[in-house]
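Have the sequence and the model open side by side.

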Amino acid sequence: MHGIPRKAPTQEERDGSSIKAAKLRDLQSQLLHFHYNKIYTKEAIEISAQLLESNPEHYTGWNYRKLAVQHLLDRHQENEVDSELPQSVLDEELRLVENALKRNFKAYGAWHHRKWVLSKGHSSPDRELRLLGKLQKLDSRNFHAWNYRRFITELKKIPDEDELQYTTDMIYDNFSNYSAWHNRSMLLSKLLEKRAKGYDKTENVLSEEFEFVRNALFTDPDDQSGWFYHLWLLGQTLKREPLVISSSPPHGSNLSLSIDNPDCQPSFSKIYHQSKERTFPLILYFSEAVVGVSSSTVTVEFDYDGGDGLIWHPLSANKLGFSQAWLAYIKYPHDSLESCHVKVTVAQFPGIISSSGMPCSQSCFISFTASVCSNNQEHSKVQTTHKISWNEENFKAHSTHPEDANLLASLCKLNITKENMPTTPMLCIETISNEIACSRELLSSSNCKIGKLILARLLVAHNTLMTYGCMDSITEAHYEEILALYHDLMKMDHAHIGYYEDEYSLVVMKQLTSNTESLLKLCGNYEELSLPSISSYTCVRLKGLSLSRVSCMEHLLWVQMLDLSHNKLRSIEGLEALQLLSCLKLSKNRFSSFTALEPLKMLKSLQVLDVSYNEIGAHSIDTRRYMCSSPLNSTTGSEWQLKRFAEEDADMKHFWDAYLLFKDLNLVQLDIVGNAVVDERLKAFLVKLMSALKWFDGESCH
Amino acid sequence: MVEKHIKYIISIEKKKDDFASVVMEHLRLNGAYWGLTTLDVLGKLDAVDQDEVVSWIMQCQDQSGGFGGNIGHDPHLLYTLSAIQVLALFDKIDVLDIEKNEDGSFFGDIWGETDTRFSYIAICSLALLQRLDKINVEKAVEYIVNCKNLDGGFGCAPGAESHAGQIFCCVGALAILGSLDHVDKDLLGWWLCERQVKSGGLNGRPEKLPDVCYSWWVLSSLIMIDRVHWIDKKKLVDFILDCQDKEKGGISDRPDDAVDVFHTYFGVAGLSLLEYPGLKAIDPAYALPVDVVNKIFLTT
């Protein structure tokens, strides 16, 4: 089946093949006959051996063999004629397996039979390890052999340290042995976790391992065997406790709340929020995805009675409950209220844990003031909504005003006091700096792909360690060098350009949003000049930046209007954190399905959405259908009562992905022109589905 | 080329006497699945006699409910899934029992071999039969997650090395159960995309030769976690096309090697995932045409 050259067989070969076929067919049909009739005579068993030695993949043969052995052992127990019998019977099986493995050392049936034989007792670990030694010499990548080795070491309780040494020996013998590196990673991981003797100082162990893998990388930079081990080591080095890195409302801000007050204008000096339900969203954003945020791990104190027992929700599509952004709604009173203080404490006791198992042990305090504008009945009128045109002239950049710069800075910054600032273990930074120096050395002697990729990753890691999400905290942030490295990689390894573009986008987003100056350049106010406007929006424009991914939402939690058009986006994972987002432009990107827009379902304030000129419906393969709730996997629950809908509405079934996306969004304006999926039937379905919709593809409806 | 491939598959079905067919007699049911699914993707399932195939399959069923690889062979999960998949192609499904363990793993048959391949098979089979209630889904997911490695991939058992075939099984099983959140998509995505070698083909593990069958195992995994844009799709298409036997039809593991129905299926399925024109779309998790899958899940 594999590795057989393609050529028409000669007459001689055909004849030979016919004879072999006839012989084998004969053995196989005899085996099935013996098996069906439970015949376990010496001759029958011998036939089965012949079969299995020539065709070790005939699984029924191995089943027959087990029944025959069982039969012999049971009969022996009854008669007790020859006390050596069990041993010899089992030894015969082991010999058969070895012969079968000689024919094909990857035959699952043979390996399993050997395990079965061992379970009967009378086995010797040395014999097994000797067999393994022989096979691993023939093929050091035979995963069956490695699996069996793990089976034996566990059965015979061989210590992890000894096996670790074995991998060291294998790697010294030939570093191009991914199977050995893999086993090493598992063993080392176990030793570190249980803090075995000699493995309790993690930083030292990692440092030594870096040196060990570096030899492999330097010897042949094109061999992948050490690449993934290196990445794992980097991950272990960077493992730290999660922290709160930003919030909405931001620390030190003034929040102005009302139900309906047309006179309140949003600006950077005051955050304005209105809500008919008299609630405002409080968001905590962590350095990495965490679980365990609840009213027992986070306390919120107000001057007024805001209600106890806040319910915290993770803002991500991750069904395991891990999320970087967490949301709770806080109620505010009817009566007007002057400057009331709100204090949020993220507590110290265990409860909040990251996905890598690290607990959040630093306390963090956030406080801001809130004032409530009275619900003036005379002024309340139905707020007229207008069509957002996204025209250029409606956008007013903030770049020039210094006051705005200060206010924006305060908006984005989370004031962590010196006591709360966690310290990065110095050894960690030293290790990374050392690795950076080594990879520069590698690159100077060999302009290789892995050298550039590792250096880029190390520089990103260095940035992360030095910042902890604070803005403007480091002067030299390596961004230009990192971006240049990814540019080189896109050229020298063109096949993987998609991967490098994604990594590049993440760095660009970090660069733009982590610095007040660069963020200011992207911000402004949007006001519809052609219409007598009631409200304007705080707006961020990230258009035309070749972004294929978005991230770093921690500094954008206050954004109401976002323009991500003219990029290369295929997904918007991470956007769920922008709870104040009201208008979103995603036109001229690469969204290829409605399922890719699933994160939007969490944006309760979203009213204006533009996904025009994308690729929805242009592809026969949907790459996101298993990552979202759908009728195809068992995640639908109450969202999709299949039987009911299938009967009621053929459109709902046909457009199930559009239905699941749009049914919970309260859109007022939607643009989807320029997508292959759009036809009259879909348009009619969507207009019917979204009762609040006023504008569809520029035309008014309802 | 489509006509040639169809001719090749039909001829395989007829050939039962040469050595290659005899040595693989015990997995003929898998062969039926590979051949028939390929025909469906090429739009030519009607080239076979449906009744003949179905009656042969039913003869492979054991009293336990499981299916053997051929008539008279012992039942095993490996062949049971193929039986269900072929019956799904023909829109004829039946009910059966599956052996499950406390730790969430699955035996392949009564002889107790555990392997994440069997987790995928059990989960896929039951999902197609819409009887997932027969197993403890949480435990099944837990076992699969225990097989996750530090490179983001999955092996056949806890501690086993990542291998594209096992990765497909684990990712596919998690996808069917709506549990892809357990997968670190960026980490696994990079491991998978680095399977593409200079020739454009994909290998199954680091430092191994490319092989057309990995155009399925690696590719479908990449698609399920939405990282397929991390490989060069055009180069892969060219590699698969290069593996065709342009005279006799069929596809081989590598250019100029002997063809077989196994690689013909994976080559055509891979091309379908790469949106090659003229082919029916195939579902990456169930490994059946999308219209067959939609019919099962989107209708009463």
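Where is the place of P249(A)? P249(A) sits in the loop between β1 (244–248) and β2 (254–258) of chain A. Strands (E, at least two residues) and helices (H or I, at least four) are DSSP runs, numbered from the N terminus. The peptide bond from S248(A) to P249(A) is cis, its omega near 0 degrees.

A word on the ground rules. This is a predicted model, in which local features need pLDDT of at least 70 and side-chain atom pairs count only at pLDDT 80 or more, while totals for chains, interfaces and linings use all residues. Residues are numbered from 1 along each chain as its sequence is written, chains are lettered from A and ligands numbered from 1 in the order in which they are written, and side-chain values use heavy atoms, with hydrogens and water left out.

W390(A) lies between β10 (364–372) and β11 (395–397). W390(A) is not a glycine, yet its phi is positive, at about 60 degrees. Most residues other than glycine have a negative phi, and most peptide bonds are trans.

Now the helix pairs. In chain A, take α9 (residues 178–193) and α10 (residues 202–219). Their axes, lines fitted to C-alpha atoms over the stretch in contact, with angles from 0 to 180 degrees between N-to-C directions, come within 12 Å and cross at roughly 170 degrees. α9(A) and α10(A) are therefore roughly antiparallel; that label is for angles over 145 degrees. W181(A), R184(A), L188(A) and L192(A) of α9(A) make the contact (heavy atoms within 4.5 Å) with T202(A), V205(A), E209(A), F212(A), V213(A) and A216(A) of α10(A). By class, these residues are seven nonpolar, one polar and two charged. Here Ala, Val, Leu, Ile, Met, Phe, Trp, Tyr, Cys and Pro count as nonpolar, Asp, Glu, Lys and Arg as charged, and the others, Gly among them, as polar.

Chain B has a pair of its own in α1 (residues 2–14) and α3 (residues 28–41). The two axes come within 10 Å and cross at roughly 155 degrees. That makes α1(B) roughly antiparallel to α3(B). I6(B), I9(B), I10(B) and E13(B) of α1(B) meet R28(B), G35(B), T38(B) and L39(B) of α3(B). The contact of α1(B) with α3(B) has four nonpolar, two polar and two charged residues.

Turn to α6 (residues 116–128) and α8 (residues 164–176) of chain B. Their axes come within 8 Å and cross at roughly 35 degrees. Among the residues that meet are Y120(B) and I123(B) in α6(B), and F168(B) and I176(B) in α8(B). The contact of α6(B) with α8(B) has nine nonpolar, three polar and one charged residues.

Next, salt bridges, in which a side-chain nitrogen of Lys or Arg is within 4 Å of a carboxyl oxygen of Asp or Glu.

Finally, how many residues does the contact take from chain A and from chain B? Chain A gives 83 residues and chain B 94. The buried area (accessible area, 1.4 Å probe, lost on being put together, summed over both parts) is about 7500 Å², with 56% from carbon and sulfur atoms. R6(A), Y59(A) and Y626(A) supply 11% of the area that chain A buries against chain B, more than any other three residues. Six salt bridges are counted between chain A and chain B. E161(B) forms a salt bridge with R141(A), the closest N and O atoms being 3.0 Å apart.

Technical notes:
Angles under 35 degrees count as roughly parallel, over 145 as roughly antiparallel, 65 to 115 as roughly perpendicular and the rest as oblique. Buried area is the accessible area (1.4 Å probe) that two parts lose on being put together, summed over both.
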